[in-house]
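Me: I am new to this structure. Please walk me through how to read its features, one at a time.

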Amino acid sequence: MARVVKVFKTLRNNWKKSTFAVCVLSYGGHWLYGLHGDSVLRREACLEAREFGRQQIAPHEQLRKATVILNPAACNGKARKLFDKNAAPILHLAGVEITIVKTDYEGQAKKLMEFMEQTDMLIVAGGGGTLQEVVTGLLRRPDQDHICQTPIGFIPLGSSNLLSPSLHLLEDNQVKHITSATLSILKGETVQLDVLQIKGEKEQPVFALMGLQWGAFRDAAATISKYWYLGPLKTKAAHWFSTLRDWPLVREVSVSYLEPTLRPPDLPTTRPPRPSLHSRIMRRLKNYWYPPVEEPPKVDEPEKWQDQHFSTPELLIHTHNKNPLERRIHDSLMICAEPENLTVGEFIAAGKEKASDPTVFTQHSTTLEASACQLNLPEDVGGFYNIDNEEYDAMPVEVRLLPRKLRFFINAERREQLLMKTQ
């Protein structure tokens, strides 16, 4: 008992050292517990992937081939380590023959897509910028109609992964998020996504999965990193300082758009059974004696463009890929213009939400549905576009919707959650 009392007296007399030691031990214990939890998650994912690798294949079949486009610079240079520890073992244990192609500089993924050979699946390991470059490179190829049938997997390793909530479960743990995304590629369930084709007068077209953002919110979000020293207040500070430099932040823009087109029915995922021999013979005889009448070719009607003028602090053109399973009558893109009468407080509050998800918009914004649109900017207005979190010079562009152009792997549980939202 006397020894215990002596220990407590020592701790009381050296309370500063004791407090520091408790803090260090607590942090160290929490850190070690986190490492153990991540190790358990990796082991569980590898055990599940091993079951795919144990499946027998026919003698004439080959291993599935996957081409991985890896951006090592994503996540502040940690992407390569994250991929090697969390994703690569799962793919190897599943029996997938992977070819890893690393990018060395910005824009290289577009060029690499020109030389990519046929593969069973394409995996993008990086952030939203890497994904945007890969999609642009794919759709610039002359054989894009054929190559676009290749399913694409997205392993979110970047700081900005806007498409990830549409495909993967929302996880707070980074290791769980990466392993879950990798396993969803092995399970093979896919969903079709729309693509925006954005074309200037001279430049080659750029393609986007989420949208195009132009205006004051985009400009303010680009300056958030400058106020890193303010910690959690840096987002509000960036938008507040932007109002001090220039207010009101209203810009004039003219938009020409086409009405949305009707959405055709979804194609069946399974091949229908072949008709019987008797049915096929009767059908051929019927076509021989009563040949079908050829319909005259349809004459293309001129496109009917409608004009709309906006005075707005922000213009956003985006797809419906935030919930790709949403049931829609029309194939359309959305044109959203924020109201011009926003107060400073409303601008700062809305900016905090848009910094994390640019596709959100305020309650009183103007929205239009269209199949294509043209942005006509005033000559004295410059700035930049934010296209899937990539920065491009602002100029007059034409944006067209390519409905259900690409197939992406999706988590089965996330699919069920998105279907529940549509009901």
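Me: Where is T136 found?

Reply: A quick caution before that: this is a predicted model. T136 is found in helix α7, which spans residues 128-139.

Me: Is T136 buried or exposed?

Reply: Look at relative accessibility. Buried means under 20%. T136 has 0% relative accessibility, so T136 counts as buried.

Me: Which residues is T136 in contact with, leaving aside its neighbours within four places in sequence?

Reply: Contacts of this kind look past the local chain. For T136 they are K110, P205, V206 and F207.

Me: Let us step back. How many helices and strands does the protein have?

Reply: The count comes to 15 helices and 18 strands. The C-alpha atoms fill a box of roughly 110 × 65 × 45 Å, taken along the principal axes.

Me: What share of the residues of the protein count as buried?

Reply: The protein has 423 residues, and 43% of them count as buried. Sequence separation is another thing to read. Take the contacts with a separation of 6 or more: residues 24 or more positions apart account for 80% of them.

Me: Which residues does the "domain: DAGKc" annotation cover?

Reply: The UniProt annotation, from an unreviewed entry, covers residues 61-202. Over that stretch the chain is 42% helix and 23% strand. The end C-alpha atoms of residues 61-202 are 46 Å apart.

Me: Now a helix pair. At what angle do α12 and α14 pack?

Reply: Read the angle together with the distance between axes. Helix α12 covers residues 234-245 and helix α14 covers residues 344-356. They pack at an angle of about 135°, with their axes 9 Å apart. That angle makes α12 oblique to α14. The crossing of the two helices is right-handed.

Me: Which residues make the contact of α12 and α14?

Reply: Take each side in turn. From α12 come T235, K236, H239, W240, S242 and T243. From α14 come V344, F347, I348, G351, K352 and A355. The residues of this contact divide into five nonpolar, five polar and two charged.

Me: Where is A372, and what does A372 touch?

Reply: Start with the element, then the surroundings. A372 is found in strand β15, residues 372-376. A372 counts as buried because its relative accessibility is 0%. Not counting residues up to four places away in sequence, A372 touches S256, Y257, L258, W305, L333, V399 and R400.

Me: How many residues apart along the chain are A372 and K226?

Reply: Check both the chain and space here. A372 and K226 are 146 residues apart along the chain. Their C-alpha atoms are separated by 36 Å.

Me: What is phi of D388 near?

Reply: Phi of D388 is near 50°, a positive value in a residue other than glycine. D388 sits in the loop between β16 (384-387) and β17 (390-393). With 8% relative accessibility, D388 counts as buried.

Me: Is R404 buried or exposed?

Reply: Apply the cut-off again: buried means under 20%. R404 has a relative accessible area of 16%, so R404 is buried.

Notes:
Residues numbered from 1 in each chain as written. Predicted model: local features only at pLDDT ≥ 70, side-chain atom pairs only at ≥ 80, totals over all residues. Heavy atoms only, no water. Helix = DSSP H or I, 4+ residues; strand = E, 2+ residues; numbered from the N terminus. Buried < 20%, exposed > 50% of the residue type's maximum accessible area, 1.4 Å probe, protein only. Contact = heavy atoms within 4.5 Å. Axes fitted to C-alpha atoms, helices over the stretch in contact; angles between N-to-C directions. Parallel < 35°, antiparallel > 145°, perpendicular 65-115°, else oblique. Left-handed = near helix turned anticlockwise from the far one by under 90°. Nonpolar A, V, L, I, M, F, W, Y, C, P; charged D, E, K, R; others polar. UniProt positions renumbered as here; feature names shortened; annotations may be inferred.
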